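Subject: Handover of a structure

Dear colleague,

Please find below the structure that I am passing on to you.

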Amino acid sequence: MLPHDFAGLYVGGEEVDRILRGLPGLGGATVDKVRPLLDSLAPAVAAAREAFVGSLTGPEPFARMARRAGLAPAEAEVLAVLAAVELSPQRMRLLAYVQDNVALPRPTLATLGRMFAADDGHPGERAVAPGAALRRAELVEVGADGPWATRMCAPAPRVSWALRGDDSADPGLPPGARRVAGPAAPDPPHLLLVTGADAASRLRVVTGGTLISPLPATPGEWAALVREATLAGLVVVLELDQPLPPAARERIAATRHLTWVLSADKELPLDTLPDRPWSEERLDSGTAEADDWQGALGIPPDPGYRLTRSQLGLVAAAAGGDPGRLPDAVRRLAGGHLDALAVRVRPRRGWVDLVLPPDQTAQLRELAARYRGRDIVYDRWGFPPLPSTGVVALFSGPSGTGKTLAAEVIAGDLGLDLYKVDLSSVVSKYIGETEKNLERIFSAAASGDLVLFFDEADALFGKRSEVSDAHDRYANIEVAYLLQRLEAYPGIVVMATNLQGNIDQAFVRRISVSVDFEPPDEPQRRLIWAGAFPPGAPVAGLDLDFLARQFKVTGGIIHNAALGAAFRAADEGGPVTMERVAFALKREFQKLGRLRTESEFERYFDLVNGVDDVAPAR
Ligand SMILES: Nc1ncnc2c1ncn2[C@@H]1O[C@H](COP(=O)(O)OP(=O)(O)OP(=O)(O)O)[C@@H](O)[C@H]1O
Ligand SMILES: [Mg+2]
C-alpha cells in the first residue's frame, strides 16, 4: 500500500507490476507481508478493541445506537470506523491516500474488507451487505454506482447528527409522521395489531415513546422511518387505511429489532401480515369516557354528545378547552371535510313551521326520539343494534310536500346541523368513482354529530336492474356498497325520494323509519298559507281561506307564490295583495305547465288568463 506522487491520477508501470505480483498464486504484497507489522501493533489494537466493546454497554449515543440496532461488536466496529471518517475531513484525506484515489475519501467495500482481513471471523465489508443489521436498520449507506469494490460506505446523515448530539427528526420521514416522547421501547421487540373504529383509542394502547406515521410511500421514506425509530428507540405506529402492501410486509419482517404497531379500523387480512410473530388487540368502542372528558375539558361527560376519543380531542382543541364552547365545537367537527361534499344547513325552522297530518308529525318525532334514545336502548339495555347502529329514515312523496323541511326540523330538534348531499351528483358514470364519493361522505360525516340528508335517493336506491350491461353490474355493486356502509354508520341518515315504489327491497329492509309525505288537504293548506307570510311582511286583504280552498297545491308552491308576490310588492312599493298572490300563482302554474282554470282562480281569472304579462294594477 505505497501510493505514488500522483495517486489516483494515473496508472504507472510500477503499480501494474505490483498488482500483477499480487494476483493469487504469484505471491506478493499479501497479508503475510504485513503480518510482522500487524503483530507489533496487536497488543495496542487488542486493548483498544476491549475498551470499545466495553463502552458498548455505556450510555453514550453511539453505544445506545448500537444496542438499539442490535449490532454485534464487529458490526459496531465497522460503524465506528465509518463514523470516524465521516466526521473528520483529515481522516478522509488519509483514506484517499490509502485508497490511492482522491475521488475516494470514504472507505470503499474493498477497503473495509482489507481492513479486517486479518481478524478471523470478522465480517469486514459483509457488515454492510444488504441483509446485514447495519443496512436493515438503515444506519449505513453504500454507494450505488461504479464497480462493487470501489463503492464508498458512510453512515446516514441522521446517524452523524445523532453522534454529534443532535436529535432532530430525519427530514426524509413520511409527511405526517410525528414523534411522541416517552420512555424507551419495551423489550423485546414485537409486532402488535390494534384494530378499532377510533384512532385515538387505538393509540392509547401503545405505551412509551412512539413514532406515529402513515404508510411510507417510497423506499426513502421507509428508510427514514426505520432509521428514526432505531436511533430514537421508538415504537413505530403505522396508521393504516388499507391492508399492508408487500413492500411494507417485507420491511416489517426484516426489522425485528423494532417494535411495530399496525393500527387500523378494520382487521387486517391474515395473508397480508408480515412474517414474524404478532399479537392482536381489538377495541370495541372508542367512546370517550369520564376520565377522557375530565382530561380534555375538565367536565363530566355531556350526555348530549356521544363522542369518540378522537372527536373529543378535536372538539376540546376547537373549544380552546372551554366547556361553554362545546356545542359550537361539536358542530364544527364535520365542517371542512364535509363542507366540500355537501351543503350545510343550520336549521332555523321548527315543528311549528311544519304542517303535516298528525300521524306523520308523530312519526317524525319518533324518529328524533330514536336517535336520542340509542344510548339507553342499545348501550344500556343491550338491544342488538339492528338493522344498524344509527337511524336510517326514508321520506317519500311528491315534490314540494316538505321532505327537506322535515329533515331540517329534525336536525334542529336534535341540535345538529343538516348536511344535504345531492345523490345525483355523487353517482358517477365512472366505475368505482361512486363508491369513492360515498366513502368520502360517510367518513367525513363520521367525524361529527349531524344529520346526513340524501336528496334524490332514487338515483342510487332505485330498483337494482337485471344485469344487462357492464355498467348495470357496477351500479349493483354501488348499491351493495352503500347498504353495507349504511349498516355501519352510527349517525342519522335521511333519504328523500319522489318515487317510493322505486326503492330497492334490500334497501327498504335497512330503513328504521319510513314517512310518506302527501300533498296537503285544505285545512293544512290554510295553515301553510298562514305561515308563508312572516310577521314583518306588509299584507293587505289576503283571503287565506279562498287561497287554501281554491288551489290544490303543495306547500312548495304556496311558499314560492308567497315569495313571488312579496318580490312584486317590494318592487312596486305596495303591500302583498290577493292580486299579487294570484299573479305569482300564475307564474308557478306556468313553470309546472299546469292549466289555469276559471273555477280555480274565479274572480282573479282575467288577471291570469292571458299569455302576456300584464302586471296587476295594484
Ligand atoms: N308540509 C309543509 N309544511 C310547511 N311548509 C311546507 C310544507 N311543505 C312544503 N313547505 C314549504 O315549501 C318549501 C319547499 O318544501 P321542501 O323543499 O321541503 O319540499 P320537498 O318535499 O323536499 O320537495 P322536493 O321533492 O322537490 O325536494 C319548504 O321550505 C316550506 O317552506
Ligand atoms: Mg327536497
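Residues are numbered from 1 along each chain as its sequence is written, and chains are lettered from A and ligands numbered from 1 in the order in which they are written. This is a predicted model, in which local features need pLDDT of at least 70, side-chain atom pairs count only at pLDDT 80 or more, and totals for chains, interfaces and linings use all residues; side-chain values use heavy atoms, with hydrogens and water left out.

The ligand site

Ligand 1 is surrounded by 18 residues (a residue counts if one of its heavy atoms lies within 4 Å of the molecule). Val 355, Ser 399, Gly 400, Lys 403 and Thr 404 are the closest. The shell consists of six nonpolar, nine polar and three charged residues (nonpolar are Ala, Val, Leu, Ile, Met, Phe, Trp, Tyr, Cys and Pro; charged are Asp, Glu, Lys and Arg; the others, Gly among them, are polar).

Domain 4 (344-516) and domain 5 (522-609) each contribute at least three residues to this shell, the bounds coming from an automatic or database domain assignment. At least two shell residues come from each of α17 (403-414) and α25 (555-572) (helices are DSSP runs of H or I with at least four residues, strands runs of E with at least two, numbered from the N terminus).

Oxygen atoms of ligand 1 have polar contacts (pairs of N or O atoms within 3.5 Å). A polar side-chain atom of Thr 404 lies 2.7 Å from one such oxygen atom, and for His 559 the corresponding distance is 3.1 Å. Leu 405 instead places a backbone N or O atom 2.9 Å from an oxygen atom of the ligand. On its own, ligand 1 has 620 Å² of accessible area, of which the protein covers 82% (Shrake-Rupley method, 1.4 Å probe).

One open sheet has six strands in the order β3-β5-β6-β7-β4-β8, with mixed pairing (two strands pair if DSSP finds at least two bridges between them). β3 (178-180) and β8 (278-282) are at the edges with a single partner strand each, so one side of each lacks a neighbour in the sheet. β3 pairs with β5 (210-214) in the antiparallel sense over three bridges, and Val 180 stands opposite Thr 210.

Another open sheet of six strands, also mixed, runs β9-β11-β12-β13-β10-β14. Here β12 (450-455) and β13 (492-497) pair in the parallel sense over four bridges, with Met 495 as the bridge partner of Phe 454.

Yours sincerely

Key: A polar contact is a pair of N or O atoms within 3.5 Å; within protein, one must be able to donate a hydrogen and the other to accept it, and residues adjacent in sequence count only if both atoms are side-chain atoms.
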